Amino acid sequence: MTKTPLISVFWLTFMILALASLMAALQVAFTELDKSTPSVLLFGKYSALIFSNFSVIFSFLALSYSINRAVGRPLTLTTLFVSTLLVTLTTLLVLIGIEPAISNWPALAGALLMLLRSLGVAVLPPRGDFSGIKEAIGSLGLSIATAVGWWVIDPASAPMAASITLLMSWPHLIDGINAFADKVFHKAALAAGARELAPDAFSKIAKAREIVIDKSAVMSGPDLMVTNVMAFNNEPKTLLAVAASAEGRSDHPVAHALRQLASQWHVALKSPDRFKPAAGLGVVALLGGQTVVIGTTDLLKELKIDSFTADAIARSLEADGKTVLRVAVGGRVVGVLGLEGTLRQDAGVAGRMLRSEGLVPRLFSGDSHKTREALAGMLGLELMDDPLPGEKALEAAARSATETYPLVLSLSQDRSALELNVCPTGNAQDKANSSGPIAVSDTDDIGAFPALKALATRRKTLAAQAKGLLIALWALAGLCGVFLLVPLAAAPILFGMCLAILWVFARFSVSDTLKKSSALS
């Protein structure tokens, strides 16, 4: 997401003001250290504190114009809270009569802390993998321990040592570790066939351990074909005429398939007097004064229509993975219809690749258990629990999920793309954040989704390695602060080193990543 020009102007203005205030505060503080020039005469006793306050305020205003997503707020608010404590500590030290050369250090550290946070959030917009709160608490604890230790050894050095320790060990960039990586891996995802990606797609895909695949996603097209018209007492054309006429007001793929075959067989159709769809089960229509029911065995059982003979015939068709519908007229079953679509040639390969990337692929379909079992066997997928009438893939995944965030792959509503969604299970906040697909590809790019999982896993590994390296660097810098081995001015240098490390990690083996994603697609 790019900042608008006006927001950029505001951000830059406040950052310049914050930096200018910090420089003024540092000038006052270092004048205090020069015993030959009393700073009280030049600037006033509270000048460093006042300039530090202005630096904190302007840094906070700059943060409000940065790309600070909700995932970055915990560390931002913690940084603001700690900076406020540091400025308050300087105020208390000055009020009790501690000379400015000693009391100014906490306020200077607070100002620099907020300035670096504002810069870090703008350069590396926070992502949702690492909040940094634990590391911040550890930094604060180390600083407090340093203050206590130096208070025993040399009270005059305690404020400076504690301030430098806190500033050097603070996890400024930890929640933005993936910002550089996302740019690189986004390009790799596009090369693998993804068309659109949500900002937090990689994080959610990396966490997933299951993926529910809607039957529509593994079909080569939305169209069905009628393969079997089995009439018990009448001609097949008569059965087809009844079924296609009863489905005359429906836009379901089954209705389209029946009407298409009726046209090929030159069968005349009638318009039903009444039409009532039963979601996920079939339809009930009134045709020529008789009730016509077309649907699953569950629908017939619900209407108390005996379908024993039809079920016996249906089982052999369902074993071949076909969708089987019973046709009943006037409360008596008169025939069976078998329909099937064309499976994608690469559907089975995609299923195996998803499994090799650590995902358990499960098939969702509204067909009978036998049909779903046959399709799952053909594609090498696991079978989900029996769906409820009219249930969608996302709803079924939420109902039967065995983990927090299973993925759901389905055909878009307009049937123009494949969509990857995250199943919202748990609290209301999860559901509020789950609106819309996290990844989209063209209908012929199902291989993009195993590639996305591979990329997300690789990104997560690199992020964990980068996090470990940065934490070690901050810990080492903090220890240097404990023993006063580094000055306060080393903090910006450390900040720049961290940026360079993340830049290198983001581009680590990029060519290899692109090659792997292209192979997966």
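Biologist: Of the contacts in the protein chain with a separation of 6 or more, what share comes from residues 24 or more positions apart?
Modeller: This is a predicted model, in which local features need pLDDT of at least 70, side-chain atom pairs count only at pLDDT 80 or more, and totals for chains, interfaces and linings use all residues. Residues are numbered from 1 along each chain as its sequence is written, and side-chain values use heavy atoms, with hydrogens and water left out. Contact means heavy atoms within 4.5 Å. Among the contacts in the protein chain with a separation of 6 or more, the share from residues 24 or more positions apart is 72%.

Biologist: Over which residues does pLDDT stay under 50?
Modeller: pLDDT is the predictor's confidence in each residue, from 0 to 100. The protein chain has a mean of 85, with 90% of its residues at 70 or more. One stretch, for which the model has six contacts beyond four places in sequence, stays under 50: residues 427-433.

Biologist: What percentage of the 521 residues in the protein chain is buried?
Modeller: Buried means under 20% relative accessible area, exposed means over 50%, and partly exposed lies in between, with a 1.4 Å probe and protein chains only. By that cut-off, the buried part of the 521 residues is 51%.

Biologist: How many helices and strands are in the protein chain?
Modeller: Both are DSSP runs numbered from the N terminus: helices are H or I over at least four residues, and strands are E over at least two. Counted this way, the protein chain has 20 helices and 13 strands.

Biologist: Which residue of β8 is the bridge partner of Thr323?
Modeller: Strand β7 (residues 323-329) pairs with β6 in the antiparallel sense over four bridges, and Ala328 in β7 is the bridge partner of Val293. β7 also pairs with β8 (residues 332-340), antiparallel and over seven bridges. In β8, Thr323 has as its bridge partner Leu339.

Biologist: Which strands are at the edges of the seven-stranded sheet?
Modeller: This open sheet has mixed pairing, and its order is β1-β13-β12-β11-β2-β9-β10. One of its parallel pairs joins β2 (residues 210-214) to β11 (residues 407-411) by three bridges, with Val212 opposite Val408.

Biologist: Is Leu142 buried or partly exposed?
Modeller: Leu142 is found in helix α6 (residues 133-153). Leaving aside neighbours within four places in sequence, Leu142 is in contact with Thr165, Ser169, Gly478 and Val482. Because its relative accessibility is 26%, Leu142 counts as partly exposed.

Biologist: What is the relative accessible area of Lys304?
Modeller: Lys304 is found in the loop between α12 (297-302) and α13 (308-318). Its phi is near 60°, a positive value in a residue other than glycine. Lys304 is exposed, as its relative accessible area is 76%.

Biologist: What is the relative accessibility of Leu484?
Modeller: Leu484 is found in the loop between α18 and α19 (490-506). Leu484 also has a positive phi in a residue other than glycine, near 55°. Leu484 counts as partly exposed, with a relative accessibility of 27%.

Technical notes
Pairing = 2+ DSSP bridges.
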